[in-house]
Amino acid sequence: MKPVLIPGCSSGFGLEIARHFLHRGWNVIATMRTPRQDLLPPSPQLRVVPLDVTDPHSIRQLIDAAGPIDALVNNAGIGLLNALEGIPMDAARELFETNTLGTIAMTRAVLPQFRARRAGVVVNVTSSVTQRPLHLLSVYTASKAAVNAFTESLALELEPFGIRARLVIPGRSPETAFGANARARMGMDIPEAYAAVAAKVFAGIQQADGDLTRSSDVAEAVWRAATDPSCPMRLPAGADAVAWAKAS
């Protein structure tokens with residue numbers, strides 16, 4: 001039974017990805033900032049452990065405790081929705097520390113064992129917002145687009161060692177906590193000058209049709225990226241993400 005390490009399993013995509021791999025017989029190391037044992041079905045193949053991807057000590061502790069793994073799925077992330085003028089630099093740094101540098105740090109931490117075995121796969125979960133410019137998402141999009149570029153370049157340097165790196169690019173999903181953690185970080189303090197723009201954005205979100213992304217779409221895409229060597233570098237997940245990928 002292969003082991004997979006999945007940061008960011010407390011809700012949404014990460015939780016469903018963990019369920020998906022468990023159902024298919026993998027050993028799952030599911031991480032959360034605040035671990036909860038009740039979110040996933042009890043299983044001898046499951047470990048729920050603490051991890052803060054922005055904390056080097058937390059990462060070292062996890063890697064030491066996890067032992068050998070076959071796949072890393074970088075899913076941990078936070079959202080941010082606001083005009084640039086409404087985003088304090090501390091909030092922008094927090095976003096990049098988690099979404100971008102956290103992904104880089106976790107990948108760096110597993111590479112020595114992958115390289116020693118000349119095997120392993122890194123799957124980075126980003127967002128379809130990287131496929132087209134959108135209002136109020138400049139900083140969030142930048143944090144995810146950086147991961148796209150990082151992964152595509154990384155794949156080239158890892159290929160000689162038999163290690164794969166792939167991207168899963170989900171669309172918008174009501175099942176995730178993006179909206180909640182984005183609102184918490186922006187405090188709904190959108191500058192007055194951007195109020196009209198924000199009103200249109202929020203109206204569009206509320207009027208969006210049902211042709212969106214489900215957590216199961218993302219889990220299936222991650223499974224393919226982790227297990228299918230012929231999987232393309234960028235794999236859209238969800239009906240809207242597929243449509244955007246075709247249009248881009």
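1. Basis. In this predicted model, local features need pLDDT of at least 70 and side-chain atom pairs count only at pLDDT 80 or more, while totals for chains, interfaces and linings use all residues. Residues are numbered from 1 along each chain as its sequence is written, and side-chain values use heavy atoms, with hydrogens and water left out.

2. Disulfides. A disulfide is a pair of cysteine sulfur atoms within 2.5 Å. By this rule the count is zero, because the sulfur of Cys 9 is 19 Å from the closest cysteine sulfur, in Cys 231, too far for a bond.

3. Cavity. The structure holds one cavity of 30 Å³ or more. A cavity is a set of points, on a 1 Å grid over the protein atoms alone, where a 1.4 Å probe fits but cannot get out; lining residues have an atom within 4 Å of a point. Grid points are joined across faces, edges and corners, and a volume is the space filled by probe spheres set on the points.

4. Lining. Residues lining the largest cavity include Pro 7, Val 53, Asn 74 and Met 106. Helix H3 (residues 89–117) gives the largest share of this lining, four residues; helices are DSSP runs (H or I, at least four residues), numbered from the N terminus.

Notes
1 Å grid on protein atoms, 1.4 Å probe; cavity = no way out; pocket = protein on both sides within 12 Å on 5 of 7 lines; lining within 4 Å. Helix = DSSP H or I, 4+ residues; strand = E, 2+ residues; numbered from the N terminus.
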